[in-house]
Amino acid sequence: MNISIIGTGYVGLTTGVGFAVKGNEVSCVDIDEKKVERINLGDSPIYEPLLDDYLKRVLDQRRFKATTDLKSAVMNSEVSFISVGTPSGEGGKIDLKFIDQVSKQIGDILKIKDLYHIIVVKSTVIPETTEKVVLKNLEERSGKKAGDDFGVCMNPEFLREGVAMEDFLNPDRVVIGSIDKKSGDVIERLYENFKAPILRTNLKTAEMIKYASNSLLATKISFTNEVGNICKKIGIDVNEVMKGVGLDHRISDKFLNAGCGYGGSCFPKDVEALIGKGRDTGYEPKLLQEVHDTNMRQKVIIVKQLEEKLGDLKGKTISILGLAFKPDSDDIREASSIEIIKKLTEKGANIKTYDPKAMGHMRNVFPDIEYSKSAKEAIKDSDACLILTHWKEFKDLREEDFKEMSNRLIIEGRRILDRERVFGFDGVCW
Ligand code: UGA
């Protein structure tokens with residue numbers, strides 16, 4: 001099938017490359033010329049393992065290209081996926097400006113396109129957006145009727161950063177919301193060579209499945225952290241507790257890792273957006289609000305622990321290992337490290353950091369802190385060391401790497417250090 005994908009963020013690019021791997025002809029559209037140039041050279045603008053390899057492969061096979069020409073991409077494809085960003089707007093509510101713009105532009109193109117075309121919303125959008133914003137814009141701008149002249153679907157993504165390519169090629173499920181059977185059937189055909197159950201729904205149900213999924217995963221994490229905070233007070237290891245809890249197949253052991261809170265471009269934003277939508281309907285989502293608040297507290301709980309052990313932090317040197325919101329990613333959006341560094345610098349501490357991938361981005365946020373070439377260099381001469389991202393290379397740290405600290409205090413925000421290799425460290429809630 002000929003597909004156009006609008007937006008080359010990590011979802012758009014992974015989806016585009018993924019559909020090309022599955023044998024389709026794909027054009028990925030972006031307004032950023034430099035990004036388009038890089039993609040066409042096989043150089044992905046985002047760090048995502050496996051993406052560069054697959055990108056090079058589909059470019060060589062001439063099944064994939066990036067372009068700034070939206071009109072020709074839509075005119076020459078049967079299906080257009082919208083995967084532009086949906087950032088947080090005022091009061092945590094979703095900001096739909098990119099969705100609004102793109103759907104108007106596609107509507108203008110549909111006006112002059114004679115062939116039946118399907119528009120699929122891939123971006124995470126709050127329930128009713130596809131119908132009330134996208135479909136409405138498409139009809140108004142094209143002067144045509146959804147269902148008769150063109151199709152509309154909502155097909156949420158469940159990709160995790162860092163393993164996005166694998167998640168795309170091996171999904172747990174595919175959800176297809178559609179305004180009618182005809183357009184849903186076409187999208188179902190696109191997924192027929194994937195080994196995954198397909199769930200067909202209406203548009204707003206598909207939108208809600210995405211929010212409910214992310215909010216439930218975020219709830220599992222905040223729940224675990226809350227139990228962890230109680231466990232720490234009575235000397236119980238929350239990780240052992242959750243191992244026992246997760247063995248119940250109704251619960252599963254996934255997303256029960258305690259730590260210094262969840263970050264990233266999805267959970268914080270999506271939980272807040274669902275809270276906002278709930279309020280709009282006149283319902284107060286207290287549980288979700290608490291999931292969010294617990295997470296905000298959890299992100300900085302480690303600073304309080306430092307103060308309890310070190311006293312006044314003014315003039316103290318704190319080394320921070322891990323800045324990205326999760327391993328195998330250079331993404332620092334909503335990362336716990338940002339809140340922690342902010343608090344520590346406000347208290348007058350000196351910060352030395354190391355992250356294998358995310359230091360470039362963090363320099364734009366904190367240009368004045370110290371960035372080290374290795375974990376060992378960051379740790380040297382520090383009064384305390386915090387580990388905030390679950391990078392594999394931190395697993396290899398050993399006792400001698402911590403030998404040159406001025407004061408021996410190590411607190412893990414993610415469970416990563418090996419007790420056989422490093423002796424004497426503390427956990428954020430274990
Ligand atoms: C998340 C979802 O997992 C994807 O299914 C979804 O498609 C994506 O959001 C999205 O909406 O686009 P992602 O944000 O890439 O994916 O990362 P996760 O692996 O879910 O991790 C999110 C955060 O939760 C990280 O900060 C991670 O460290 C934290 N986390 C995760 C925990 O603190 N404990 C856990 O047990 C698991």
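The model is predicted, so local features need pLDDT of at least 70 and side-chain atom pairs count only at pLDDT 80 or more, while totals for chains, interfaces and linings use all residues. Residues are numbered from 1 along each chain as its sequence is written, and side-chain values use heavy atoms, with hydrogens and water left out.

The protein chain holds 16 helices and 14 strands; these are DSSP runs numbered from the N terminus, helices being H or I of at least four residues and strands E of at least two. The C-alpha trace spans about 70 × 50 × 40 Å along its principal axes.

Contacts (heavy atoms within 4.5 Å) can be sorted by sequence separation. Of those between residues at least 6 apart in sequence, 71% join residues at least 24 apart.

Of the 430 residues, 53% are buried, where buried means under 20% relative accessible area, exposed over 50% and partly exposed in between, with a 1.4 Å probe and protein chains only. The accessible surface comes to about 19,700 Å², and carbon and sulfur atoms account for 50% of it. Such areas come from the Shrake-Rupley method with a 1.4 Å probe; for residues, only the protein chains shown count as cover.

In soluble globular proteins, nonpolar side chains tend to be buried together. A nonpolar core is here a set of buried Ala, Val, Leu, Ile, Met, Phe, Trp, Tyr and Cys residues joined through side-chain atoms within 4.5 Å. The largest such core has 55 residues, of which Leu-306, Ile-318, Ile-320, Leu-321, Leu-344 and Leu-386 touch the most other members. Leaving aside residues up to four places away in sequence, Leu-344 touches Val-303, Leu-306, Leu-313, Ile-318, Ile-320, Ala-349, Ile-351 and Leu-386. Apart from this core lies another, of 37 residues, including Leu-13, Ala-20, Met-165 and Tyr-191.

Two loop residues remain. Phe-255 counts as partly exposed because its relative accessibility is 29%. Asp-381, in the loop between α15 (375–379) and β12 (384–387), also has a positive phi, of about 65 degrees, without being a glycine. With a relative accessible area of 44%, Asp-381 is partly exposed.
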